[in-house]
Amino acid sequence: MFFYPRPRVDIAEVPALSHAGAVLLTDTIHATGLASSLREALAPWTKPLAEHHAAKVLLDLALTLAIGGEHASDTDLLRCEPGLFGDVASAPTISRTLTTLAQDAPTVIEAISKARRAAREQAWALAGDHSPTVGASVKSPLVIDLDATLITAHSEKEQAAPTFKRGFGYHPLCAFLDHGSDGTGEPLGVQLRPGNAGPNTAADHITVTRDALAQLPAGLLARGGRGSKKILIRTDGAGGTKDFLAWLQRQRLAYSVGFTLPANTPDLLERIDEAKAWTPAYDSEDEGIREGTWVAELTGLLDLAAWPAGMRVIVRKERPHPGAQLRITDHEGMRITAFATNSPRGQLAVLELRHRRRARCEDRIRNAKDMGLEKFPLQSFAQNQIWCQIIQLASELVAWMQTIAFSRHDARKWEPKRLRARLFEIPATLVRRARHKVLHLAEHAPEAVRVLTGVNRLRTTVAQT
């Protein structure tokens with residue numbers, strides 16, 4: 001007895017498409033004007049009579065990563081569906097294009113970044129009231145999360161090096177815009193670094209923050225490209241260096257960064273206990289009281305003369321979860337952490353909750369790894385820098401699609417694996433009717449109506465602008 005049918009299996013020429021839901025991504029490219037912006041930006045690196053423009057090659061690679069590919073060779077997933085993805089370059093052509101771009105990597109990266117910024121402005125304009133910039137203020141700033149991650153290299157690649165966790169590979173530093181609890185996020189910068197790059201290098205944090213600010217609309221920045229307190233830079237203790245915080249202060253940016261407590265912290269905590277200065281922390285889900293967690297301000301008890309003016313240090317103590325192993329920095333059975341901020345106002349519990357939500361950046365990195373960041377398939381460092389740009393394009397296309405097409409649906413929060421299983425891999429047939437191509441989504445697919453609604457939303461929004 002079999003639980004499943006066993007039909008005969010053969011191979012035949014059929015008008016079926018296997019990734020029909022990816023029309024959401026191709027429509028996002030049209031809606032945001034990314035194709036035209038990228039075509040203009042990469043024109044200098046495309047021969048006049050070239051059959052495949054460098055912009056199309058990069059977009060095809062980004063689409064490949066978005067629907068689940070890992071290598072440049074996985075573009076055959078697109079190449080077999082010309083009715084949906086157009087002409088896709090062969091693997092040798094893709095390789096030659098990446099080699100050409102890598103020969104002038106800094107200029108190419110700058111050109112791609114400008115195209116991405118133009119498309120981002122259009123995407124946020126199309127999102128309307130659901131744009132991540134809506135309501136940005138000093139009290140509710142636009143949050144940029146910085147975090148680094150280790151990427152293992154399984155072969156000898158240029159500038160791959162041993163990591164502090166005894167691995168081998170790269171140590172990229174990333175910047176992500178947090179969409180808050182209503183959505184996911186989008187990358188603003190990825191700085192590829194050797195595996196032995198320091199985690200708390202201020203110069204690298206400054207560089208990736210500049211790259212992130214350059215991706216924001218001009219209206220959010222002051223004259224000369226300086227930031228404003230409407231933008232919050234949030235990172236872990238690796239960013240808690242004097243040089244980086246001083247630079248943020250000069251740029252008039254708000255910050256919330258991890259802070260390394262001094263050796264006499266137990267004495268300071270005893271003074272807080274005596275003063276009964278602890279206040280309950282908030283829970284991240286419903287913003288109610290978080291049991292077993294308290295916060296207090298430590299600023300007045302520390303010597304902060306060498307740190308930027310206006311910096312506050314807030315400490316948090318929490319009962320470790322059952323089974324959690326205590327660390328050397330813990331005190332009297334309580335887990336102790338701290339962060340620094342230059343926000344002059346706000347309840348301690350609110351500021352601490354805002355900083356704790358930095359953990360969402362780890363989700364953004366995990367999603368980016370699911371769209372190409374997990375592996376660097378190219379040999380040279382410059383080529384892998386271009387690969388980082390392709391990863392960002394893939395991540396942005398998904399984020400923009402969710403923001404515009406699914407602003408009122410839970411799909412805006414879906415991660416790549418769920419998007420592929422529910423939306424991108426919907427089957428369909430492509431037919432010609434009255435000189436038009438019609439994509440018939442399979443009626444039995446659970447999310448067919450959702451895909452159709454998203455496509456209509458994208459096209460209607462563009463028509464209205």
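Mentor: A residue is called buried when its relative accessible area is under 20%, and exposed when that area is over 50%, with partly exposed for what lies in between. Please keep in mind that this is a predicted model.

Trainee: What makes the contact between the side chains of Arg116 and Glu396 a salt bridge?

Mentor: The N to O distance between the two side chains is 2.7 Å, and because a salt bridge requires a side-chain nitrogen of Lys or Arg within 4 Å of a carboxyl oxygen of Asp or Glu, the pair qualifies. Arg116 belongs to helix H7 (residues 105–127) and Glu396 to helix H13, so the bridge ties together parts that are 280 residues apart in sequence. Both Arg116 and Glu396 are buried.

Trainee: How do you know whether Asp370 and Arg420, the partners of another salt bridge, are buried, partly exposed or exposed?

Mentor: The side chains of Asp370 and Arg420 meet at 3.2 Å, N to O, and they link distant parts of the chain, with Asp370 in helix H12 and Arg420 in helix H14 (residues 416–424), 50 residues apart. Asp370 has a relative accessibility of 22% and is therefore partly exposed, whereas Arg420, at 8%, falls under the 20% limit and is therefore buried.

Trainee: What separates Arg366 and Asp363 within helix H12?

Mentor: Arg366 and Asp363 are three residues apart in helix H12, which means a separation of about one helical turn, and their side chains meet in a salt bridge of 2.7 Å, N to O. At 41% relative accessibility Arg366 is partly exposed, and Asp363, at 26%, is partly exposed as well.

Trainee: Why is the aromatic pair of Tyr170 and Phe376 given its particular geometric name?

Mentor: A search of the whole structure finds four aromatic pairs. In one of them, the rings of Tyr170 and Phe376 lie 5.3 Å centre to centre with 75° between the planes; because the centres are within 6.5 Å and the angle is over 60 degrees, the pair is edge-to-face. Tyr170 is in strand S5 (residues 168–170) and Phe376 in the loop between helix H12 (360–373) and H13, 206 residues apart.

Trainee: And what makes the pair of Tyr170 and Phe381 stacked, tilted or edge-to-face?

Mentor: The ring centres of Tyr170 and Phe381 are 6.1 Å apart and the planes stand at 50°, so the pair is tilted, given that stacked needs an angle under 30 degrees and edge-to-face one over 60. Tyr170, at 1% relative accessible area, is buried, and Phe381, at 10%, is buried too. Tyr170, Phe376 and Phe381 form one aromatic cluster.

Trainee: How do you know that the length of helix H13 agrees with its number of residues?

Mentor: At 1.5 Å a residue, the 25 residues of H13 (residues 381–405) should span 36 Å, and because its end C-alpha atoms are 36 Å apart, the two values agree.

Note on methods. Residues are numbered from 1 along each chain as its sequence is written. This is a predicted model: local features need pLDDT of at least 70, side-chain atom pairs count only at pLDDT 80 or more; totals for chains, interfaces and linings use all residues. Side-chain values use heavy atoms; hydrogens and water are left out. Helices (H or I, at least four residues) and strands (E, at least two) are DSSP runs, numbered from the N terminus. The expected span of a helix is 1.5 Å times one less than its number of residues. Rings of Phe, Tyr and Trp (its six-membered ring) pair if their centres lie within 6.5 Å; planes under 30 degrees apart count as stacked, over 60 as edge-to-face and the rest as tilted. Buried means under 20% relative accessible area, exposed over 50%, partly exposed in between (1.4 Å probe, protein chains only).
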